[in-house]
Amino acid sequence: MKFFLSLLFSATFVFSSSAFIEPKELRELIIQTNTVLLDTTDSENFKKGHIPSAVNVDVSNFRKQVGPYQLMKSPEDVQKGIRALGINNNSRVVIYGHNKPKEILKAGYIALALITNGFTNISILDGGYTEWIEEYEDFISTADKDIKEGNFVAHFNPNILVDLKYVRDSIGKVSMIESRPKRYYDAEAQSKGVRRLGHIPKAKSSFWGDKFGSDYMLKTDKELKAIYIDQNELKNDKEVIVYCTGGLEASINWYILHQHLNFKNVKIYDASMREWGNRDDTPMEK
C-alpha cells in the first residue's frame, strides 16, 4: 500500500522550484529592484556581516503574547510590519538565517505570516548565510539599508491558522504531525514551557530538523517524500495539521509541505503545546 501511495505521489506531484533557492539564484535576484532580502539573525550578528541589501527582521514583529503562548498578530499589524520592511505588493521576498536552528525556524514563521496574509512570492535561501559565503565570500556587507515603507495590502486567509477547538474536533479525522524532537513526543522529556508530557492523540512525530542535512540544506525531494508519505502517511490532497511547542517548529514543516511540496490543505495550530499541554481538559497520549 505504501509503495502504491509513493508511486501515485511521484506520478502526480509537481514540486515548487522557488520555495528554496540557491545562492546563485539569489545573486541574480539581488540586482532586481523589487527584491527584498530578510535576515533573521540577531542585530549584533547582523552587524558583523550579512548579504548586501538585506534587512534585519525580528519574528516578534509578527507575533503577540497571549498568556503562556504566542499567536500571529492581526492582519492589520502584520501588514504594518510587512510595510516597515519595504515590501510592496509586487516585491519578491527572500528570507535567510545564519544557520542557527532558531533562525531557520524564524524564517519559516515569517514566511507563514506573509503567506497567511496574502503574500506568496517568497523563497528561503537554502543553506542560509553559510552557503552564501561559501559561494560569495567577498560579497558581504556590514551596512544598514535605507528602507522606504512599502505598500503591501494584507488579504488574510482564514484557512491556515486553527485553534484548540478545531484541533480537538479533528482528532482521528485529520492527519496531524508534531514538529518537536521525538523525545518530547514520546514523553521522555519535557518541552520548555509545557507542563504536561506526551502528544495530541493520533498525531505522528515528524521533527522539523529531519528535513535538513547536517549543513541545514533541505533534503532531496526523494528523502522528503520518504518522510512525509512513507513514514507519516500524508496525502497531498488531504488536510494536514501541524503543531509543535509554540508555533516556530511547526512553521517550517508547514512551509515545506505547503510551499515546496504543494500540499493542498495544510493548517497550523499556532498556539501548539504551549496551550494544549498546559491545560487539564485536553487529551494527551504517551
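Buried means under 20% relative accessible area, exposed over 50%, and partly exposed in between, with a 1.4 Å probe and protein chains only. The model is predicted: local features need pLDDT of at least 70, side-chain atom pairs count only at pLDDT 80 or more, and totals for chains, interfaces and linings use all residues. Residues are numbered from 1 along each chain as its sequence is written, and side-chain values use heavy atoms, leaving out hydrogens and water.

View 1. Helices (H or I, at least four residues) and strands (E, at least two) are DSSP runs, numbered from the N terminus. Of the 286 residues, 51% count as buried. The C-alpha trace spans about 50 × 45 × 35 Å along its principal axes.

**View 2. Strand E6 covers residues 92-96.** Here 5 of the 5 residues are buried, so E6 is largely enclosed by the rest of the structure. In a regular strand the side chains alternate between the two faces of the sheet. Arg-92, Val-94 and Tyr-96 lie on one side of E6, with Val-93 and Ile-95 on the other. Both faces are covered.

**View 3. Strand E2 (residues 35-39) runs parallel to E6.** Two strands pair if DSSP finds at least two bridges between them. E2 and E6 are joined by 5 bridges. Leu-37 has Val-94 in E6 as its bridge partner.

**View 4. Strand E7 (residues 122-125) also pairs with E6.** The sense is parallel, over 3 bridges. Ile-122 in E7 stands opposite Val-93.
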